[in-house]
Amino acid sequence: MTHPLGNPPSKIIAVHLNYPSRARERGRIPAHPSYFLKPPSSLAGTKDALVRPQGCELLGFEGEIALVIGSRAQRVSPEDAWEYVRWVTAANDAGVYDLRYADRGSNLRSKGADGLTPLGPRLLDARQLDPAALQLRSWVNGELVQDDTTDTLLFPFGQLIADLSRLVTLEPGDVILTGTPAGASVASPGDVVEVEVRGSGLSTGRLRNPVAAGPALEAYGAMPRADEVEREAAYGTAYTPTPLLAKGLEDGLRSVAVATLSAQLRSRGLPHMSIDGVRPTLPGQKMVGVAHTLRYLPLREDLFKKYGAGMNAQKRAIEELRPGHVLVMDARRDTSAGTLGDILALRAQTRGAAGVVTDGGLRDSAAVTDLGLPVYRGGEHPSVLGRRHVPWDSGVPIACGGALVQPGDLIVGDADGVVVVPLDLAEELIADCQEQELREQFITEQVRAGHSVDGLYPLGPEWSEPFELWRRSRTHDTSDTSDSSYAPHASQGDSA
């Protein structure tokens, strides 16, 4: 493999997030730049193949602007930093997301493999360029997929160099990969990825790399593993997630009342499946989804800074939501502080959440209601969660409103409240609930016609034949189901 730098650099430093468009995709805007290292052995040039090992499915491409340091930089200021850049070129910060779990944070194996940092094809003289007026574009198979400029970067190039040089001496030849804009996604064997940087009438030309299938990895260490979280991260906005809940199950649960589900669960020896003490913001709207959990612990002031600040468990839980999730919060039934406000509720909605349940307090209740996202809460409170709660962890079994909720449980809510439905019971519960509600519809019509509830509610044996006649009439749609002619003979029971 060849690349335009000639001698390998002492280090390649990559920035995690720098373009606002990419930050919006990721759902977070960092306060400061953060970095990871790629080994010099990952360098490649134009036309070199990006190799996806057998067993991997998520070879991600990221078109980037690469800065090549020209002179030793140590504790330089942002204002002077551009003087230390010698060359600018196009780069592809490629990686295999199937291995990202193995070196979480460092990206060593996922992004450090040989050939996963192609650069080129031409080096542009940094002295002839305005760092705030560069354009970056990427194509896959000739289709433009990334197009952004450097005038709105979260962290301008001078800030990156100054920040790094406070602690890390940048040597001549070192490479800084400055972040990727929106549109980075996944490429497959047979695809061709191209990246170009333009500025001041100059162009790097297109860095062109085909994607090729490689041999399987030897089983000496972590092996490829892909899940929905990694697929979403790799594909970005191009990702269409697998539904969390089969449509048949979702439609079935929507077709029956929470009260009926509660009764059927109780008949199976599960009387404690309701989440007690919560009320809906939208009583007329049904909520059905799959539980994703968040646990708060009681406030401890000495721990809140560590666990409550920054990207805490509450915010992580929101960002972990997938379409169809219901975020269920364990706030120990303490409603004297908010556990959700309008901004995080909006983010949950944009993540595709089916709803939120908290046995704690809700802030900004009017604004949250206006969003149209079903939210069940223990009460309203104006204060932030730090008054009572420390966001502790997510994706663990919790207690919410007296019910044990596991990640993956089904959550159903309506005007009567919320119940937890074990996934393995869902199909039979739906069938039995539909049968129960059909019987109750029949009973309601007979009561409306003037019959006593004695022997009718619950449906007694003397009403079995009239009920079956009524059921058949509904199937064939041949009669008026409110007609009292479905009553049993007087000798069999109530003649009302």
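How much space lies in the largest pocket? About 1200 Å³. Before you select anything, note that this is a predicted model, in which local features need pLDDT of at least 70, side-chain atom pairs count only at pLDDT 80 or more, and totals for chains, interfaces and linings use all residues. Residues are numbered from 1 along each chain as its sequence is written, and side-chain values use heavy atoms, with hydrogens and water left out.

**Stop 1: the largest pocket**

Select Arg26, Arg28, Arg100, Val229 and Ala233, which are the closest to the centre of the largest pocket among the 40 residues that line it. On a 1 Å grid over the protein atoms alone, a pocket is an open set of points where a 1.4 Å probe fits, with protein on both sides within 12 Å along at least five of seven lines; lining residues have an atom within 4 Å of a point. Grid points are joined across faces, edges and corners, and the volume is the space filled by probe spheres set on the points.

Now colour α1 (20-26), β8 (95-96), α2 (108-111), α4 (228-235), α8 (313-319) and α9 (342-350), each of which supplies at least two lining residues. Helices (H or I, at least four residues) and strands (E, at least two) are DSSP runs, numbered from the N terminus. The largest share of this lining, 4 residues, comes from α1. By type, the lining divides into 12 nonpolar, 11 polar and 17 charged residues. Here Ala, Val, Leu, Ile, Met, Phe, Trp, Tyr, Cys and Pro count as nonpolar, Asp, Glu, Lys and Arg as charged, and the others, Gly among them, as polar.

**Stop 2: the second largest pocket**

Move on to the second largest pocket, with a volume of about 380 Å³. Pick out Pro53, Leu99, Arg109, Ala113 and Leu217, the closest to its centre of the 20 residues in its lining. β4 (50-54), α2 and β16 (207-216) each bring at least two residues to this lining, and β16 gives the most, with 3. The lining of this pocket splits into 13 nonpolar, 4 polar and 3 charged residues.

**Stop 3: helix α9**

Go back to α9 and show Leu344, Ala345, Arg347 and Ala348, which are buried. Seen down the axis of α9, its buried residues fall within an arc of 160°, so they line one face of the helix. Buried means under 20% relative accessible area, exposed over 50%, and partly exposed in between (1.4 Å probe, protein chains only); the arc is that of the directions from the helix axis to the C-beta atoms.

Which exposed residues does the face of α9 turned away from its buried side carry? Ile343 and Thr350. The cover over the buried residues of α9 includes α1, α8, β21 (338-340) and α10 (365-371).

**Stop 4**

Select Val197 in strand β14 (residues 192-199). Val197 counts as buried because its relative accessibility is 0%. Its contacts (heavy atoms within 4.5 Å) beyond four places in sequence include Glu64, Ile65, Val88, Leu124 and Leu202.

Next, Leu170 sits in the loop between α3 (157-165) and β12 (175-177), and Leu170 is buried, with a relative accessible area of 0%. Beyond four places in sequence, Leu170 touches residues including Lys11, Ile13, Ile69, Arg72 and Ile176.

Then try Leu5, in the segment before β1 (12-15), which counts as buried at 18% relative accessibility. Leu5 and Leu43 are 38 residues apart in sequence and 9.4 Å apart in space, C-alpha to C-alpha.

**Stop 5: backbone features**

Most residues other than glycine have a negative phi, and most peptide bonds are trans. With that in mind, centre on Gly120 and Pro121, joined by a cis peptide bond with omega about 0°; Pro121 lies in strand β9 (residues 117-125). A cis bond also joins Tyr457 and Pro458, with omega about 0°, and Pro458 is in the loop between α11 (426-448) and α12 (464-476).

Finish with Ser200, a non-glycine with a positive phi of about 55°, in the loop between β14 and β15 (202-203). Asp364 has a positive phi of about 50° and belongs to the loop between β22 (355-362) and α10.
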